[in-house]
Amino acid sequence: MLKSGVGITEAMALTKRTGRGRLKLMAQEIDRGLKRGESLARTMRGAPWAFPPLHGALVEAAEQTGHLPQAFDQLATQEREALKTARKFAAHMAYPLVVLLAFCFLLPIPQLVLSGGGAYAGQVLVQLTRVFTGLLLAWPIVRGLSWGFGRIIARAPGSLERAVFPGRRALFFEVLANALQSGLPITVALQLARHGWRSRDNINRLDEAATRLHQGESLSAVMASFVASGDQVILESGERSGTLQEAFQELADTYRSKAETQRKVGFILAAVFVALILLLVVASQAAFSLQDAIMPSGEQMEMLNRELKGTGLKLF
């Protein structure tokens with residue numbers, strides 16, 4: 001809409017009227033901030049539940065340079081990539097979950113044969129309850145582990161974050177490339193790109209790099225402790241030839257490819273892990289179902305004991 005000449009206020013008002021769900025809530029938040037006289041970037045930073053810090057930083061730089069439509073294009077591209085990744089993960093996890101649900105109906109089949117439809121339906125309900133209870137318990141555990149891992153990364157050396165998250169490196173260099181394309185000086189671009197990192201060590205290193213750039217040092221020199229040796233060669237070459245933006249984009253593409261490979265390997269490992277867990281669950285459920293089907297109930301055992309009383313034999 002901005003490319004069509006529509007103002008940001010009118011665009012948010014239109015989105016508020018026509019949007020749904022989370023999109024409508026985000027538009028309402030921005031609209032309220034704009035009506036209070038706040039800038040778009042400040043409004044976005046005031047709603048961290050909807051906008052990550054990097055989004056607000058990008059918009060702030062775009063407001064200063066007049067490149068707001070380009071900034072929104074970049075943010076839209078990033079969100080599309082994140083959505084694509086989430087869909088791939090959901091697709092990889094769907095198969096083992098479907099198999100687990102199928103076994104909930106298959107495992108109690110001995111009950112259907114030996115005890116009838118009522119017992120079978122009861123066992124199916126028990127199996128489904130166990131599955132959904134397990135999933136509900138797993139969600140807060142996963143969230144807690146993710147929060148804890150984030151806290152560890154924030155306090156760990158910056159090299160750990162740079163090694164574990166090539167996607168953040170890709171985003172870092174892409175932000176630098178887009179900032180230079182928008183006409184921002186490299187010092188401002190570094191301050192902008194720092195929002196993509198979580199480790200305090202990485203943030204402090206970038207702050208120090210911006211300070212040294214202000215003092216007249218070269219970019220390749222101040223980034224020596226932050227980037228790999230191969231990356232430093234590319235930056236030095238781009239700085240000398242005046243193609244720094246292209247150098248940043250080349251590095252962004254390289255690390256984006258590495259991040260995609262890492263995601264694929266992660267999906268495979270996660271699928272194998274889930275399959276092993278499901279195998280253990282299925283095996284245990286099969287054992288319990290077979291035991292319930294074969295072992296007589298308390299009343300049946302008592303009846304058998306009475307019938308065998310005259311013979312001198314007794315069951316358990």
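## Talking through a helical model

The accessible surface of this predicted protein model comes to about 18,900 Å², and carbon and sulfur atoms hold 63% of that.

Student: How many helices and strands does the protein have?
Tutor: Let's start with the overall make-up. The protein runs to 316 residues, and 33% of them count as buried. As for the elements, the strand count is 0 and the helix count is 15.

Student: What share of the contacts between residues at least 6 apart in sequence join residues at least 24 apart?
Tutor: A contact here needs heavy atoms within 4.5 Å. Taking the protein's contacts between residues at least 6 apart, the share that joins residues at least 24 apart is 53%.

Student: At what angle do the axes of α1 and α2 cross?
Tutor: Two packed helices are described by the distance between their axes and the angle between them. Helix α1 covers residues 8-18 and helix α2 covers residues 21-35, and their axes come within 8 Å. The contact draws on residues including I8, M12 and A13 of α1, and L23, A27 and I30 of α2. The crossing angle is roughly 145 degrees.

Student: Is the crossing of α9 and α10 left-handed or right-handed?
Tutor: First, the geometry: the axes of α9 and helix α10 (residues 186-193) come within 9 Å and cross at roughly 145 degrees. Among the residues that meet are F172, V175 and L176 in α9, with I186, A189 and L190 in α10. While the α1 and α2 crossing is left-handed, the one between α9 and α10 is right-handed.

Student: Which residue meets R32 in a salt bridge?
Tutor: Side chains of opposite charge can pair when their charged atoms come close. For R32, the N to O distance in the pair is 3.0 Å, and a salt bridge needs that distance within 4 Å. Both partners lie in helix α2, 3 residues apart, about one turn of the helix. The partner is E29.

Student: How many residues apart are R256 and E174?
Tutor: These two form a salt bridge, with the closest N and O atoms 2.9 Å apart. R256 sits in helix α14 (residues 244-294) and E174 in helix α9 (residues 166-181), so the pair links distant parts of the chain, and the separation is 82 residues.

Student: Is E174 buried or partly exposed?
Tutor: The buried class takes in anything under 20% relative accessible area. R256 comes to 29%, which makes R256 partly exposed. E174 comes to 15%, so E174 is buried.

Student: How many salt bridges are there by this rule?
Tutor: Another of them joins the side chains of R212 and E217 at 2.8 Å, N to O. Shared partners also join E174, D253 and R256 into one network. The count comes to 11.

Student: Which helix gives the largest share of the nonpolar patch?
Tutor: The patch covers about 470 Å² and is made by L106, I109, L112, V113 and L114. L112 belongs to it and is partly exposed at 39%, which clears the over 30% needed for a patch. The largest share, 4 residues, comes from helix α6.

Key. Residues are numbered from 1 along each chain as its sequence is written. This is a predicted model: local features need pLDDT of at least 70, side-chain atom pairs count only at pLDDT 80 or more; totals for chains, interfaces and linings use all residues. Side-chain values use heavy atoms; hydrogens and water are left out. Patches are made of residues with over 30% relative accessible area and no salt bridge: like charges are joined within 9 Å, nonpolar side chains (Val, Leu, Ile, Met, Phe, Trp, Tyr) within 5 Å. Accessible areas come from the Shrake-Rupley method with a 1.4 Å probe; for residues, only the protein chains shown count as cover. Helices (H or I, at least four residues) and strands (E, at least two) are DSSP runs, numbered from the N terminus. Buried means under 20% relative accessible area, exposed over 50%, partly exposed in between (1.4 Å probe, protein chains only). Axes are lines fitted to C-alpha atoms, for helices over the stretch in contact, and angles run from 0 to 180 degrees between N-to-C directions. A crossing is left-handed if the near helix is turned anticlockwise from the far one by less than a right angle, and right-handed if clockwise.
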